[in-house]
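Work through these exercises with the structure open beside you. Try each task before you read its solution.

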Amino acid sequence: MDLENQKRVKEIADQFGPENVIVVLGAAEGEAAGLAAETVTAGDPTYAGPLAGVSLGLLVYHICEPEIKEEVDAGIYDEQVSMMEMVLDVDDIIAEMTAIREQYTKY
Amino acid sequence: MNNSVLKGTGYVLVHVPGMLMHHGTTQTTERSVNPDSDYLKELPGHIRSYEDCLAYPPNQTYIGNLSIEALSAIEEPWFDKKVETPSRFGPFGEVMPEDEFAVLMQICDAFDLVHLDRGFVRNVKPKLEAHPLITASMHALIKEGQDSELIRKQVEREHAQPIIVGDQLVGYVKRAHDVDVNLSAHVIFENLVSKASEVLTILHLLKQSGLDPADVDYVIDCSEEACGDMNQRGGGNFAKAAAEIAGLLNATGSDTRAFCAGPAHAVVEAASLVKSGAFKNVIVAGGGCTAKLGMNGKDHVRKGLPILEDCLGGFAALISENDGINPEINLDIIGRHTVGTGSSPQAVIESLVTNPLTAAGMKITDVDKYSPEMQNPDITKPAGAGDVPEANYKMIAALGVKLGQLERAELPAFVKKHGLRGFAPTQGHIPSGVPYLGFARESMLAGRTENAMIIGKGSLFLGRMTNQFDGISFFMQKNTRKESPSAVAAPALITDLPVIGVAVPDSESGTEMIRSAVDSARKKGYQAFLIEGDDCLDRMEEMLKSGEIDAAVAAHYAFPVGVATVGRIQTPALGREMFLATTTGTSATDRTEAMVRNAIAGIIAAKTCGIAEPTVGIANVEGGRQCGRILQTLSEKGYSIRFAESERADGGVLMRGNDLLRGSADVMVMDTLTGNLMMKMLSAFTTGGGIESVGYGYGPGIGERYDKRILIVSRASGAAVIANAVDYAAQTVKGDLLTIARQEFIKANKAGLQTLIDEVKQRSQKAAVPKTAAPPKETCTEEIHGIEVTELDEAVEALWSEGIYAESGMGCTGPVLMLNHARIEQATRILRDQGYVR
């Protein structure tokens, strides 16, 4: 995950409390989604950014996961995301995200 | 109004492992944050040799040696595959090694900031001198170099940036200011790399397009660097800086920036400038970027790959007025990411692809090929960024499904049919849409592809001024002009009946004689007609331009410098046909250069008339021997020439008067005035010097970049000669003079024509002494203002005569005299004493 984004996630978690934060990802494939999810839960696996060694354990989803999709207005989802949903390997993403959540999410 | 056309492209790679190690930001950041890291230890084991980099299939594709189709046929990954016979030079450009590039950087340095090791320069200079495109004026800028001890000191103590080639410190780039970070050694290094690679790419573009450097009107630089000082950090102007070194004397220019989308924006700007009529020839160009070298190096090392981001990339395109041949940029179809678009991928693709197509009444399947971000997947996949072009194609297809233009099941087939494999280095602006322009042009010229959409995208948020995304797309199509009824056929389509116009104002024998000459040509089966009136030459030019006539026979017509005519005659002694090269016009202003170029023009004319390997003799006139030596060297270096032998007892390539009468050579080379004299004498001797009754006239104008078929007769030419000139003109069409000329000059240039000529010229220039010789050149950083512009050059000479080096120039507020800061007081005093300043 981009170092600047790591910094922002950490600041938001500090400000509002990690239990009140959900991270929504838009990564284009499973591995990248998994890495970003790992960063905001277990910590930065590349040990390069502000979240290196910091296990925030945040709740994290990908925008194409059903839990989030159901929360979004169907018209807006169609306008903004449906094209990518067609392109992405959504099952793979869900599998990656679920695994990370089960292992590292604290909330 | 006519669309502009894409007349040529240039693509260059520079293999720079030294810069990768010492200037790529991934590596420099690691070195400062984590100097003992495993990555830095493992890095040297993952560096490719120049040979491996050259044989890497996507690199051969980038310079045009391996088609995209052939690349796609090679199974991925590609890093462990090699092209069997890789070549440094390709139809679009080259892969330059790092040592030559270091010297090119020094050539491109105008402020004495780059210094190289003396021994290194000695070794590498000859390589650049042998380079087919580096000009003599560029060679002249190569400095001798410094001692290695001084170089080490500069790097260790004076904040200079090292230039490292093959583990050796071979030079440095020093800071241009003690305090200003915008002129730090680091920034100057990056900017000079960008400038030098841009220059190289422009040189390749000029070679490929055949455009005279003097005909370039405007240059738009679209790289990702910024040059300026602390008072104007991105002041510019890379475009003009590169244009200067590339010798584009009549060009101005400016820089366009839009992150990776820069080149696509710049092409749209260039196409608009040309279509509006503001400029005729606009070059878009971008040099490479050191910071991005080895950007994904950590992933490549972790996965056991060589570091694939070891090349700088350069790109250039020439946008010109519609010539009825080259593919057009259709400005009616421009996709744009606007402020209101938003940044979701769906909104981005809609704005760039489907919205402009829908507005033009087209479907996504109406576009033959899409060229979005063309990153090489070999580089991006191991770094977790996937196959970028493929992801783009899937998005375009998915949007097509949403719009009902495509069935979902057709999605993979769409990607295969309308997509391209990525092959571009990840140099930011380089992969964004434009890598396909070269192949697109070739494919459209050959009729294999009808159209293409080029899509540039950029991430503006990186600059922290806006969170927006950006992008612009444009539409390229096969030239549409030839399909209209009044259209011009491309030269290749002309078959057996060329149309020849005859325009001979003020003939000494009257219009009737010309008319009978045209009639007699018609009787022989030629399509010829007379262009009459006082403005017949103007109308002849218009007819040539519109394609109404294929070639013309004219009298009293002036060619530009660089073009001379090759006459054709029957020799009196044996009635052999002989080409006199040349008879009118000026192929060059330097006598020796002119004769060498005359020889090539003669060979071109002879080949056009069906003599596959003409023999070449050189008239024994002043400069003949020198011309002969150059032609012999040229022949040894690959431009094969069959030399004639004098029929006199002592033989040799130099031809005497006897040989002229006998026609001992197919092509007789001489200076133009002598050629003109011989032509008149050999054409008019049977009439006692009256009208010219023998031969084919003074022949077609031929020059390196000349693209018309105009043949010259004189006002004294008789009907038989004019009828023969029509025959000769028809032969220039059937024999495809223009293609042969282009090919011959390319071959001659490959063999080093320009270098050989420049050497001779340099020698003759050295012989001429200026009024006051300039003292040794010094770095000019100071300016003196207030000198009258008409006295500026005098003032410069006044300082020279006092031993002070100075240059004249034009500053923001008027004329300036530039000189070294140590000289300013003394110079001001001298100028004041002599009344140049108050």
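Two residues are in contact if their C-beta atoms, placed from the backbone, lie within 7 Å. Keep in mind that the model is predicted.

**Exercise 1. Describe chain B as a whole: its secondary structure, its burial and the reach of its contacts.**

Step 1. Start with the elements. Chain B has 30 helices and 27 strands.

Step 2. Turn to burial. A residue is buried if 20 or more other C-beta atoms lie within 10 Å of its own. By that test, 51% of the 838 residues of chain B are buried.

Step 3. Take the contacts in chain B between residues at least 6 apart in sequence. Of these, 73% join residues at least 24 apart.

**Exercise 2. Find which residues of chain B touch chain A, and sort them by class.**

Step 1. Count both sides. Chain A brings twelve residues to the contact and chain B brings 14.

Step 2. Locate the side of chain B. Both α15 (345-359) and α17 (388-402) of chain B supply at least two residues each. The most come from α17(B), which gives seven residues.

Step 3. Sort by class. The side of chain B that touches chain A holds eight nonpolar, four polar and two charged residues.

**Exercise 3. Work out the strand order of the sheet that contains β3, β5 and β4 of chain B, then place the helices that pack on it.**

Step 1. Write down the order. This open sheet of three strands runs β3-β5-β4 (chain B), with antiparallel pairing.

Step 2. Name the edges. β3 (114-116) and β4 (161-165) of chain B each pair on one side only, which makes them the edge strands. Neighbouring strands are turned by 30 degrees against each other on average, direction ignored.

Step 3. Check one pairing. β4(B) and β5 (residues 168-173) of chain B are antiparallel and joined by five bridges. Here B:V165 stands opposite B:Q168.

Step 4. α7 (residues 98-107) of chain B touches β3, β4 and β5 of chain B, and its direction makes about 135 degrees with that of β3(B). α10 (residues 148-157) of chain B also touches β3, β4 and β5 of chain B; its direction makes about 65 degrees with that of β5(B).

**Exercise 4. Explain why helix α12 (residues 238-245) of chain B is largely enclosed.**

Step 1. Count the buried residues. Six of the eight residues of α12(B) are buried, so this helix is largely enclosed by the rest of the structure.

Step 2. Name them. They are B:F238, B:A239, B:A241, B:A242, B:A243 and B:I245.

Step 3. Find what they pack against. The partners include α7, α9 (136-139) and α11 (185-209) of chain B. Strands β6 (218-221), β7 (252-255) and β8 (281-286) of chain B are partners too.

Step 4. Look past the helix. B:G247 follows α12(B) and has a positive phi, near 80 degrees.

**Exercise 5. Trace the partners of strand β18 (residues 577-586) of chain B.**

Step 1. Check burial. Eight of the ten residues of β18(B) are buried, so the strand is largely enclosed by the rest of the structure.

Step 2. Take one partner. β17 (residues 563-570) of chain B pairs with β18(B) in the antiparallel sense over seven bridges. B:R568 has B:F579 as its bridge partner.

Step 3. Inspect the hairpin. Six residues lie between β17(B) and β18(B), and B:G575 takes a positive phi near 70 degrees.

Step 4. Take another partner. β22 (residues 667-669) of chain B pairs with β18(B) in the parallel sense over three bridges. B:A581 is bridged to B:V669.

Note on methods: Residues numbered from 1 in each chain as written. Chains lettered and ligands numbered in written order. Predicted model: local features only at pLDDT ≥ 70, side-chain atom pairs only at ≥ 80, totals over all residues. Helix = DSSP H or I, 4+ residues; strand = E, 2+ residues; numbered from the N terminus. Nonpolar A, V, L, I, M, F, W, Y, C, P; charged D, E, K, R; others polar. Buried ≥ 20, exposed ≤ 12 C-beta atoms within 10 Å, placed from the backbone. Pairing = 2+ DSSP bridges. Axes fitted to C-alpha atoms, helices over the stretch in contact; angles between N-to-C directions.
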